[in-house]
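Please read the following points with the coordinates open beside them.

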Amino acid sequence: MKFEGEHLLPGQLGHFFAILAFVASIVATVAYYNAVKVKEAALQDSWKRLARWAFVIQSAAVIAVFSCLCYILNNHYFEYKYAWRNTSRDLPVQYLLSSLWSDQEGSFLLWSIWNSVLGIILIRTSKKLEAPVMTVFSLAQVIMASMLLGIFILGYKVGSNPFMLLREAAENQAAPIFRQPDYLQHIHDGNGLNVTLQNYWMVIHPPILFLGFASMIIPFAFAFAALWTRDYTSWVKPVLPWALFAVMLLGIGIMMGAAWAYESLNFGGYWGWDPVENASLVPWLTMVAGLHTLLAYKHSGHALKSTVFFFFISYILILYSSFLTKSGILGDTSVHSFTDMGMSGQLLISMLVFTVPSITLLILRRKEIPSINKEESTYSREFWLFVGSLILLIAGIQITFTTSIPVWNKLLGLSGLKSLFKLDDLAPPSDVIFHFNKIQIWIAIVLGVLTAVVQFLKYKDTPKGMLTRKIWLPTALALLFTGLIAWKGTITYLNYGAGFLTAIYLMLFASIYAIVGNVTYIFTGLKGKMKNAGASVAHIGFGMVLLGVLISSSKMEVISIDKMKMLNDGFFRKESKQNPRENIMLPKDVQVQMGDYHVTYVGDSIAPGDPKTYYVMRYEQKDKATGAVKERFTLYPDAFVNKKENSLSSNPSSRHYLTRDIFTYVSAAPNKAEEAKADTTQYVSHEIKQGDSVFFSKGFIVLKGLNAKPQSKNYMAQPGDLAVGAELEVYTQTDDHFKLQPIYFIRDSSYQYSVEDTLAPLNLNVRFSKIMPAENKIELKVKEAAGFSDYVVMKALVFPYINVLWLGVIVTVIGTGMSIVQRTRKK
Amino acid sequence: MKKTNIILLVVIAVAIGVIVTMVGDFSTYETFATAREKEGKEFHVIGKLDTLQAMHYDPVKDANLFSFYVLDKTGETRKVVFYGAKPTDFEKAESVVLTGKMEGNEFHCSKILMKCPSKYKDDQVVVSNKQM
């Protein structure tokens with residue numbers, strides 16, 4: 001059948017380039033491998049030349065694939081599944097990039113592009129290590145390219161083609177629409193991008209994170225090259241800036257993800273120990289460990305073996321994280337993992353391809369790796385660097401162990417152990433956050449203290465007395481600051497008992513110690529020479545991150561506590577602990593107190609061209625004594641509202657202060673259209689005289705008198721009208737006092753009309769429906785709507801000193817950057 | 001014995017200690033029936049929404065109370081009470097993973113993880129509502 005209106009060329013080109021990238025990277029791998037193996041210089045050169053060309057061609061091909069996909073998305077060619085699944089016509093242009101990497105194929109493509117860029121830089125810079133390093137790189141590119149093939153090899157589907165047509169997709173084979181040649185006429189719009197990804201962080205976070213992932217292969221490749229060529233020394237210098245680079249980029253990538261979670265997800269925070277977050281944190285930890293053992297080796301000759309191990313394991317863990325998130329194995333435990341695309345086998349193979357050779361080589365050549373027989377001194381820097389690295393490894397082991405629960409289940413099932421011992425499937429701990437925090441806090445304490453102290457030790461050996469002489473000042477200062485913060489800040493986080501609170505105070509000290517210790521070191525150790533202070537600056541930043549994490553989470557406060565209902569239910573009942581009542585209902589225009597603030601929900605608004613609904617929340621902070629308003633601001637938490645299903649996907653909005661953030665989001669809002677239809681409350685008639693009252697559920701209405709010249713914005717007087725207004729006063733239980741004036745009028749001497757008056761905060765509608773002159777009475781019709789017709793349910797949190805965390809991240813990045821400059825210049 | 005070896009041993013001991021304490025934290029997947037036998041302990045229950053019975057969330061009365069019915073793997077239906085706002089798109093959830101415990105005939109949960117088949121897509125999206 002010939003289909004009409006399809007644009008097949010960009011897809012065919014894209015697929016061709018994907019295959020070209022695959023073939024070219026195989027050529028590059030083989031050629032670089034031969035360049036290492038061949039002994040003669042002339043042959044080596046010719047292999048190298050071929051390999052370089054092949055690598056450049058594969059890089060160009062990868063970029064061409066990316067461009068084709070961009071072109072398809074940008075032109076809304078919905079005949080392609082990728083475009084249809086991830087974009088829609090109304091998607092703002094800046095989110096086109098987010099949709100590009102929102103599916104697995106796109107994320108592999110991104111990774112592959114970075115590998116290419118880094119590979120080309122290494123071809124130019126790594127000199128005699130080029131051939132072995134680039135063999136590893138090219139092999140990685142073979143794997144990456146294979147993920148985008150979408151070709152059946154021996155009955156097994158290899159990769160997933162991003163250029164698959166919608167009508168070719170397996171799930172659409174039976175759909176009758178694709179039997180019509182003009183099916184495209186019926187596909188007007190795409191499925192659209194997942195709303196949580198429509199956030200500016202999602203434009204920038206994935207490229208940085210994947211650059212971090214890609215750069216982790218460099219230390220791996222250098223270490224592998226060293227073992228492979230038995231040249232154990234020449235790789236140390238060039239690898240150091242790259243290891244720093246990898247730590248820096250992966251760190252930024254992870255923290256940008258945290259910022260995204262903070263700004264667009266409603267978890268109430270930046271970190272939730274989600275498996276996906278954990279999986280990328282662990283390789284960062286091991287790479288930091290490897291970086292420190294590398295420094296130890298560089299200055300003392302110790303710990304080369306562990307450096308190689310850490311570099312290997314870091315990249316293996318990156319591949320493992322990619323396996324966890326992309327194989328769908330996390331399905332039941334993670335919030336944002338991909339779903340299984342039938343590529344788990346391939347992902348597993350890609351992990352083994354790097355794990356088996358590297359670990360085997362490390363075991364086989366362990367004896368050859370240079371090491372020093374003499375023990376390191378307890379007063380040497382290298383000894384404590386090594387200890388710190390092991391602590392980082394323990395942190396990584398704990399995180400990995402729990403994150404891998406679904407993997408343990410699979411393994412136990414496959415090995416038959418599960419049926420043998422009649423084991424149940426393991427589930428993640430019910431309080432995941434505390435499960436991690438209670439171990440990691442001790443690790444953070446030890447790391448903080450090591451960060452503060454180890455700088456003051458010298459490599460090889462520190463003269464007796466020197467350490468105490470240098471360290472008493474920062475120690476005393478840190479103790480002083482800790483005391484001050486503990487006294488002024490009063491951390492009373494007793495949710496998990498006194499033991500955990502002790503740990504919190506210890507961590508407070510450790511993080512302050514890390515900051516103070518390194519600031520002091522810049523002046524006393526480095527004599528203020530900022531050129532060499534990269535490490536110290538990075539460590540100050542690390543201390544700030546620890547401090548920011550500690551304070552913002554231990555002093556995080558939910559201010560949207562629904563206190564009213566707490567009393568209703570019995571505050572002291574067993575359930576009240578389970579039910580922290582963190583959501584509060586705000587009727588429109590009614591001021592509610594939350595912590596130090598008085599919050600009013602004023603209404604919602606939508607703007608043309610913006611799919612989101614904005615909820616207008618007015619905050620006021622009043623002076624406690626005088627009641628005068630000290631501060632006023634408005635927050636606009638927003639949500640994507642799906643009218644049909646009345647579901648909403650909301651984004652928080654925060655008021656940022658230097659010392660704290662007020663974080664607000666809407667957790668529920670009524671479906672107004674539905675509610676208007678469902679409102680079946682009847683008007684109740686009352687016949688009353690002047691001075692009589694009518695009671696309603698929240699108070700009563702008094703008829704003060706009649707007004708022969710009524711005025712109302714809903715009533716336009718015309719000549720000849722006979723109009724009477726009923727002057728009503730409304731008194732409520734809460735001593736509020738309102739005026740109402742419904743109007744009754746006769747127009748053209750024959751038509752009776754009634755102009756209703758309403759009292760929105762009380763949902764009260766009053767009609768003046770009849771005058772009975774004979775009895776000197778009037779008839780009022782009163783309606784009380786059942787519920788609040790307009791309200792939002794929201795949650796508001798205060799994160800104190802969260803800026804310390806973000807600032808800490810920035811400082812760490814700057815410090816690492818300084819180190820990179822310093823280490824590359826030393827060449 | 002070299003100091004490095006001693007430290008390695010200590011580290012291994014600590015790591016084993018950590019892992020052992022961690023395993024104690026691990027939960028298991030239960031059904032309503034087995035969770036009832038161990039009343040008061042927290043478990044994960046995987047189930048489907050029972051669409052025949054109404055879910056109830058009335059923020060005007062109580063913004064922190066959401067109840068619904070879930071069919072577990074064995075087909076048993078239980079009322080589930082969640083102290084919090086109704087998670088977004090809950091109606092669309094195909095399967096849910098509940099964390100909580102049995103109290104009498106009701107299952108009280110503190111966390112809901114749900115899998116929604118998103119519109120047109122044949123794959124599933126995981127959404128959760130975490131309580132802090």
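1. Chain B holds 2 helices and 8 strands, where helices (H or I, at least four residues) and strands (E, at least two) are DSSP runs numbered from the N terminus. Read from the N terminus on, the elements of chain B follow the order α-β-α-β-β-β-β-β-β-β. Of the 132 residues in chain B, 38% are buried; a residue is buried if 20 or more other C-beta atoms lie within 10 Å of its own, exposed if 12 or fewer, and partly exposed in between, with C-beta atoms placed from the backbone. Among the contacts in chain B between residues at least 6 apart in sequence, 45% join residues at least 24 apart, two residues being in contact if their C-beta atoms, placed from the backbone, lie within 7 Å.

2. On provenance, this is a predicted model, in which local features need pLDDT of at least 70 and side-chain atom pairs count only at pLDDT 80 or more, while totals for chains, interfaces and linings use all residues. Residues are numbered from 1 along each chain as its sequence is written, and chains are lettered from A and ligands numbered from 1 in the order in which they are written.

3. Chain A contains an open sheet of 4 strands in the order β14-β23-β22-β21, with antiparallel pairing; two strands pair if DSSP finds at least two bridges between them. Its edge strands are β14 (684-688) and β21 (757-759) of chain A, each of which pairs on one side only. Neighbouring strands of this sheet are turned by 25 degrees against each other on average, direction ignored. Within the sheet, β21(A) is joined by 3 bridges to the antiparallel strand β22 (residues 764-772) of chain A, and A:Thr758 stands opposite A:Asn765 in β22(A).

4. Strand β13 (residues 660-668) of chain A is mostly covered, with 9 of its 9 residues buried. A hairpin through 3 residues connects β12(A) to β13(A), and 4 bridges join strand β12 (residues 653-656) of chain A to β13(A), the two running antiparallel. A:Ser653 has A:Thr664 in β13(A) as its bridge partner, and A:Thr664 also stands opposite A:Ala796 in β24(A). Between β13(A) and strand β24 (residues 791-800) of chain A there are 8 bridges, again with antiparallel strands.

5. How do helices α19 and α23 of chain A cross? The axes of α19 (residues 534-554) and α23 (residues 802-825) of chain A come within 7 Å and cross at roughly 165 degrees, axes being lines fitted to C-alpha atoms, for helices over the stretch in contact, with angles from 0 to 180 degrees between N-to-C directions. α19(A) and α23(A) are therefore roughly antiparallel to each other, a term for angles over 145 degrees. By class, their contact has 18 nonpolar, 10 polar and no charged residues.

6. A:His76 is found in the loop between α2 (41-74) and α3 (81-86) of chain A and counts as partly exposed, with 16 C-beta neighbours inside 10 Å. A:His76 and A:Asp189 are 113 residues apart in sequence, yet 8.3 Å apart in space, C-alpha to C-alpha. A:Met466 is found in helix α17 (residues 466-489) of chain A and is partly exposed, with 13 other C-beta atoms within 10 Å.

How values were computed:
Angles under 35 degrees count as roughly parallel, over 145 as roughly antiparallel, 65 to 115 as roughly perpendicular and the rest as oblique. Ala, Val, Leu, Ile, Met, Phe, Trp, Tyr, Cys and Pro count as nonpolar, Asp, Glu, Lys and Arg as charged, and the others, Gly among them, as polar.
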